[in-house]
Every structure is written in structure tokens, then in C-alpha cells.
Amino acid sequence: MLMFSSLSPAIRQYLIITGNYWAFTLTDGALRMLVVLHFHQLGFSPLNIALLFLFYEIFGVVTNLVGGWLGARIGLNKTMNIGLGLQVIALLALTVPTAMLTVPWVMAAQALSGIAKDLNKMSAKSSIKALVPAGSAAAEGKLYQWVALLTGSKNALKGVGFFLGGVLLATLGFAGAMWAMAAVLLLVWVASLLSLKADLGKAKNKPKFGEIFSSSRAVNILSAARLFLFGARDVWFVVALPVFMATTLGWADWAVGTFFACWVIGYGIVQSLAPYLTGKKAGKVPDGRAAMGWAIPLAVLTAGIALGLNLENGLQAILVGGLLLFGVLFAINSSLHSYLIVSYAKEDGASLDVGFYYMANAMGRLIGTVLSGWVYQTSGLAACLWIAVAFICLAAIISIGLPRQAKL
């Protein structure tokens, strides 16, 4: 505690925000795994299980758009704490008797969880902008490092959350797991209410509701690129890939789940290291050219995986090896984008630009998720991969319009 109090105010606030984000992410990852496993045990069809997450994704689009405006008006401390509180309510809503766990009830709880998740994420990412002073290459380097660490650690912990969900279900049961997570998150919420700065991220000039759409050319271009980048991942990653592994490759359910959890953890670690992989040691801060440049090898790799599916021998090795390389390249692309949006966001009311950007991110995920199930069912995994290639190429082409120099 003495060591914590000796840190600078900015570092203390960053650690509090990161701690909040970590605690939330663990419950978010665990909840996803708990819902899938528990409702599969209850006999829900795959379609019904997928429907349980539909509102989670849809409300992510709406929340990011409105949440950025809300954060600029009332402060990011409030939107982050509202997110934590809503997640506690969502967890408690799932402690009802099994007979009440109908599809509409769980969809409503998942909708609350989706709103909570994106309020928390938008608040965490936007807060960093307010904590790092702008105006120099060193400041931009620190901003990139802080954003990468926050984003990477979040994704690594989401993978840990997948494991946690399975452990909690096996030891405490579904309702017991919900009570345990709600209790821990409630303590985090109370600590956050007492420790976050009251005016964190609040805009000096109250933005009007009509300002939820960004007026920044750089933010709009980056948001469009982000939509296609994440649509490219989810079009083959969400439904098509796990089903392909289970049916065509013959993997057991536990093997598929373990692989995805490890993949997400590794993905998060690479995101945290992205500044060191993209020029930090040489004192370079990435710009729009980097966003375009790193998308090109990702597109080439994805095309290679699609072509590899036509080979009769070594299919499993090609897919697993390709996935590992895809995770590295996609993590770097994602981390670059996450830094650029915080850098491009205006100083006063950064959450408006960040919220708009993550709205595009959520829209890309929604489109990718829907296409993943439909295209795989009609045309197979290779078709999903070729759509991913097209989406990544579009992201690269759109990125050509980004500023050619880092914002200093």
C-alpha cells in the first residue's frame, strides 16, 4: 500500500483502471464459457445457444456509440462504474432457478452484460488518453505502450476466464459460479467507486447527442478499417473454425476449448509486446503506413491457409500452424489500431471518438459472426477464409487514407 501511494497520480489511476478492466474481463470470459457449457448440458440446441449471445453483440454496437457521448458528459469514472454495476446485476440475474433460465431471460441478462462490457472497455481505453500528456514523441511512445499493455493483458485474461468458467462450473455449479463472481466483482466495484477520479475524462464542453458520430477524418477512416479487420477474424473464427475442428478434424470438445483458450492468452501476450515488435526500440511511433503495412502480410497468410485446406496431407498441421501465425499478425494489427484511435482522439472528450471507433469494431464482429455460421453452413471453411482475405485487403486499402505521420 505504501508503494502504491508513492506512485504518481497518473500511474495510480492507470493501475486502478487496469485492475477494474482485468476483474471485469475475467468474469466476462468465464461467463461466456459457463453459458455455453451449462446450456449445452441442459439440452439447448446450437442455434439457441448462439441466440443467447445475439443481444450481447447487438448491444455492443449501440453501447459504444452512445457510451462515448455519455462518458464525455458525465465522466469516464461513472461509465466504468456503471459497467461494473451492470455486470453484477447480469450475474445475479442468472442465479435464478433452472426453470426460469429460458432463452429470453438469458438473452436479456446477456444484453446487460454486453452493455456492461463495452462501457467498461470504452472507459478504460479512453481514460488512458487523459492520463498521458500529449505533445512529444516520448509521450506517444508511452501512450502506445500503455494501450498495448491494457489491451494485451485483457485478452490474455479473457483466455484465463475460459478456464475459470469451466473450473467454477465443475466445482460450484452454474448458480454458485454466478454468486461467486458477483460477490468478487461487487468488491471491485465498491473499491472503484472510492478510488477513481471524479472528473476523469469529462469533457470541458458538454457534447450534444448529435456529436456521437465522429467528425474526424482520421477516426472515421480508422473505424472503417477496424470494421473489416475484425469482421475478417470473426468470419472464420467464431463458428466455422471450432465446428470444423470438432467435425472434420475430430477434436474433442475439451481439446477445442483448451486450444482456443491458449490461443487467446497467446494473442494477448503478443498484443502487449506489439510496441517492441513495431519499432519502439528504434524510437519509432507507428502511423497510418504501419496500419496498412501490417495488414498486407495478414492477408497473404490468410490466403495461404485457405489454399492449404485443399491439400490432402498435413491439413491439421497447416491449420494449427496457420492459426498461430495468424494470432501473432492479427494481435499486432489490433494493437496498432488500438493505439492509433487513442492517439487520433481529441483531447477534450476522447471517449466520443473512442466510442465511435469501438462501435465500428462491434459492428465488424456482428457481421463476422453472422457470416461465419451462414457461409460455413453453405460453402465451408475455405469460403470463410477467402471472405476474411477480402475483408483484410479492404482494411489495408482503407488504411491508405490514414495520416502518414504519427500524431505528435
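This is a predicted model: local features need pLDDT of at least 70, side-chain atom pairs count only at pLDDT 80 or more; totals for chains, interfaces and linings use all residues.
How much accessible surface does the chain have, and what share of that surface belongs to carbon and sulfur atoms? The total comes to about 16600 Å², and 72% of that belongs to carbon and sulfur atoms.

Let me start with the overall make-up. The chain has 14 helices and zero strands. Of the 408 residues, 56% count as buried. As for contacts with a separation of 6 or more, 87% of them are between residues 24 or more positions apart.

Now the charged pairs. How many salt bridges does a search of the whole structure find? It finds three. As a general point, side chains of opposite charge can pair when their charged atoms come close.

Take lysine 117 and aspartate 118, whose side chains meet in a salt bridge at 3.5 Å, N to O. Lysine 117 sits in helix 6, residues 103-131. Is lysine 117 buried or exposed? Lysine 117 counts as buried because its relative accessible area is 11%, under the 20% cut-off. Aspartate 118 is buried too. Leaving aside neighbours within four places in sequence, lysine 117 is in contact with Phe24, Asp28, Tyr56 and Arg365.

Arg365 comes up again in the other two bridges. Arginine 233 and aspartate 234 meet through their side chains at 2.8 Å, N to O. Aspartate 234 also forms a salt bridge with arginine 365, here at 3.8 Å, N to O. Taken together, Arg233, Asp234 and Arg365 are linked in a network of salt bridges.

How buried is this network? Arginine 233 has 14% relative accessibility, so it counts as buried. Aspartate 234 is at 3% and is buried as well. Arginine 365 is likewise buried.

Helix 11 covers residues 288-308. Its 21 residues should span 30 Å at 1.5 Å a residue, and the C-alpha atoms at its ends are 31 Å apart, which agrees. The buried residues of helix 11 include Gly288, Ala290, Ala291, Ala295, Leu298, Thr302, Ile305 and Gly308. What covers them? The cover includes helix 8 (217-237), helix 12 (315-344) and helix 14 (381-399).

Helix 9 runs over residues 240-247, and in it Ala240, Leu241, Phe244 and Met245 are buried. Why do these residues line one face of the helix? Viewed down the axis of helix 9, the buried residues fall within an arc of 125°, so they line one face.

Now the surface. Which residues make the nonpolar surface patch of about 340 Å²? They are Leu51, Leu54, Phe55, Ile58 and Phe59. Helix 4, residues 54-74, gives the largest share of the patch, four residues. Phenylalanine 59 is in helix 4, and this residue is partly exposed, with a relative accessible area of 30%.

Leucine 92 lies in helix 5, residues 76-93. Its relative accessible area is 33%, so leucine 92 is classed as partly exposed. Apart from neighbours within four places in sequence, leucine 92 is in contact with Trp179 and Ala182. Leucine 92 and alanine 183 are 91 residues apart in sequence, with 9.4 Å from C-alpha to C-alpha.

Tryptophan 254 is in helix 10, residues 253-277. Buried or exposed, then, for tryptophan 254? Exposed, because its relative accessible area is 65%, over the 50% cut-off. Tryptophan 254 and glycine 166 are 88 residues apart in sequence and 9.9 Å apart in space, C-alpha to C-alpha.

To recap: 14 helices and zero strands, three salt bridges, and a nonpolar surface patch of about 340 Å². That is what I have for today.

Definitions and conventions. Residues are numbered from 1 along each chain as its sequence is written. Side-chain values use heavy atoms; hydrogens and water are left out. Patches are made of residues with over 30% relative accessible area and no salt bridge: like charges are joined within 9 Å, nonpolar side chains (Val, Leu, Ile, Met, Phe, Trp, Tyr) within 5 Å. Accessible areas come from the Shrake-Rupley method with a 1.4 Å probe; for residues, only the protein chains shown count as cover. A salt bridge is a side-chain nitrogen of Lys or Arg within 4 Å of a carboxyl oxygen of Asp or Glu. Helices (H or I, at least four residues) and strands (E, at least two) are DSSP runs, numbered from the N terminus. Buried means under 20% relative accessible area, exposed over 50%, partly exposed in between (1.4 Å probe, protein chains only). Contact means heavy atoms within 4.5 Å. The arc is that of the directions from the helix axis to the C-beta atoms. The expected span of a helix is 1.5 Å times one less than its number of residues.
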